[in-house]
Amino acid sequence: MPNLASISAPTGVVVPIAALEIPARTVPSRHSALVRVTHWITALCFLALLVSGAEITISHPRFYWGENGNVLTPVLFKLHIPSSRSLVPTGYGYVLPDQNGWSRYLHFQSAWIAVATGLLYVIAGLFSGHFSKSLLPLETDRSLRAFWKAIVSHLRFERPSAAEAWSYNLLQRLSYLLVLFVLFPLVIWTGLAMSPAFTSAVPATVTLLGGRQSARTLHFFVSVALLLFLLVHVGMVWFAGFWGRMRAMITGRADAPAVTNMEGV
């Protein structure tokens, strides 16, 4: 294609830009197929874990610290909700239907699928450089000033720029790293620490946490943190442009980033 400056036209004649037949640019996929597939599998597993985990909690909405805990021991704290077990004192004059059977089965199955999916994502991300390219903060953002600026921007509910559809901002990168490498490992660890079969093989799993009841209490708090992340994540997706972000995570396509310099123009 000739340079625009070399194209001559009679004086006073305007040549439409479309007539120059600029070749279409190839816009890369916003998210790789692996990222999209693992994202949706994890999302489905997480929803199943939330529903089944809530049902398991309802069966005994009391939390303890240490190795043992039951209705005869002092509680660390309790949820003021009715229980699905008649022997659990809750202050309510009725019990909820007992859903402990299917909820435990669904919880364990969903957890193992989520763990396998997470391992696939992490291993692929390490080999492809996904974490260093997409999740590690940029050099220009590695300062308290940049961090504070990002917080102020979110507190003001400033709408993300079009460029952010193709790159995570600082707070997104930090929150995703926290979820991937802190909260997810913790929720898996505390979950395994409640399994007698697993702790009999690896006793340190529960010993380091201070006991099985301590693991259950920590598991609850980490799960609440993940739920809060999910709510904020969905809210920010809606605020930034729900259908555009959904399209990017389903098909990989997103609005083309702004181009400041096109070859030959």
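Helix α2 has 29 residues and should span 42 Å at 1.5 Å a residue, and its end C-alpha atoms lie 41 Å apart, which agrees; the expected span is taken as 1.5 Å times one less than the number of residues. This is a predicted model, in which local features need pLDDT of at least 70 and side-chain atom pairs count only at pLDDT 80 or more, while totals for chains, interfaces and linings use all residues. Residues are numbered from 1 along each chain as its sequence is written, and side-chain values use heavy atoms, with hydrogens and water left out. The protein chain contains 8 helices and 2 strands, where helices (H or I, at least four residues) and strands (E, at least two) are DSSP runs numbered from the N terminus.

**Helix α2 and the overall chain**

- The buried residues of α2 are Asn100, Ser103, His107, Ser110, Thr117, Tyr121 and Gly125; buried means under 20% relative accessible area, exposed over 50%, and partly exposed in between, with a 1.4 Å probe and protein chains only.
- Elements that cover these buried residues of α2 include α1 (33-59), α3, α5 and α8.
- Along the sequence, the order of elements in the protein chain is α-β-β-α-α-α-α-α-α-α.
- Of the 265 residues in the protein chain, 29% are buried.
- Contact means heavy atoms within 4.5 Å; among contacts in the protein chain between residues at least 6 apart in sequence, 64% join residues at least 24 apart.

**Aromatic pairs**

- The whole structure holds 11 aromatic pairs; rings of Phe, Tyr and Trp (its six-membered ring) pair if their centres lie within 6.5 Å, and planes under 30 degrees apart count as stacked, over 60 as edge-to-face and the rest as tilted.
- Phenylalanine 63 and phenylalanine 77 form a stacked pair, because their ring centres are 4.8 Å apart and their planes meet at 10 degrees.
- This pair ties together parts that are 14 residues apart in sequence, because phenylalanine 63 lies in strand β1 (residues 62-63) and phenylalanine 77 in strand β2 (residues 77-78).
- Phenylalanine 63 is buried at 1% relative accessible area, whereas phenylalanine 77 is partly exposed at 21%.
- Phenylalanine 242 and tryptophan 243 make an edge-to-face pair, because their ring centres are 5.0 Å apart and their planes are at 80 degrees.
- Phenylalanine 242 is partly exposed, at 22% relative accessible area, and tryptophan 243 is exposed, at 68%.

**Surroundings of phenylalanine 63**

- A cluster of Phe63, Phe77, Phe220 and Phe221 is linked by ring pairs.
- Arginine 216 lies over the face of phenylalanine 63, at 4.4 Å from the ring centre; a charge sits over a ring if NZ of Lys or CZ of Arg is within 6 Å of the ring centre and within 35 degrees of the ring normal.
- Threonine 217, in helix α8 (residues 212-251), is buried at 1% relative accessibility.
- Apart from neighbours within four places in sequence, threonine 217 is in contact with Phe63, Tyr64, Trp65, Leu76 and Phe77.

**Nonpolar cores**

- A nonpolar core is a set of buried Ala, Val, Leu, Ile, Met, Phe, Trp, Tyr and Cys residues joined through side-chain atoms within 4.5 Å.
- The largest such core comprises 8 residues, namely Val35, Tyr121, Phe131, Leu135, Tyr168, Tyr176, Leu177 and Leu180.
- At least two residues of this core come from each of α3 (130-135) and α5 (170-192), and α5 gives the most, with 3 residues.
- Tyrosine 176, leaving aside neighbours within four places in sequence, is in contact with Leu135, Tyr168, Phe229 and His233.
- A second, separate core has 6 residues, including Phe46, Leu183, Val187 and Leu226.

**Salt bridges**

- The structure has 2 salt bridges, each defined as a side-chain nitrogen of Lys or Arg within 4 Å of a carboxyl oxygen of Asp or Glu.
- In the bridge between glutamate 67 and arginine 212, the closest N and O atoms are 2.8 Å apart.
- That bridge links distant parts of the chain, 145 residues apart, with glutamate 67 in the loop between β1 and β2 and arginine 212 in helix α8.
- Glutamate 67 is partly exposed at 36% relative accessibility, as is arginine 212 at 25%.
- Aspartate 98 forms a salt bridge with arginine 85, with the closest N and O atoms 3.4 Å apart.
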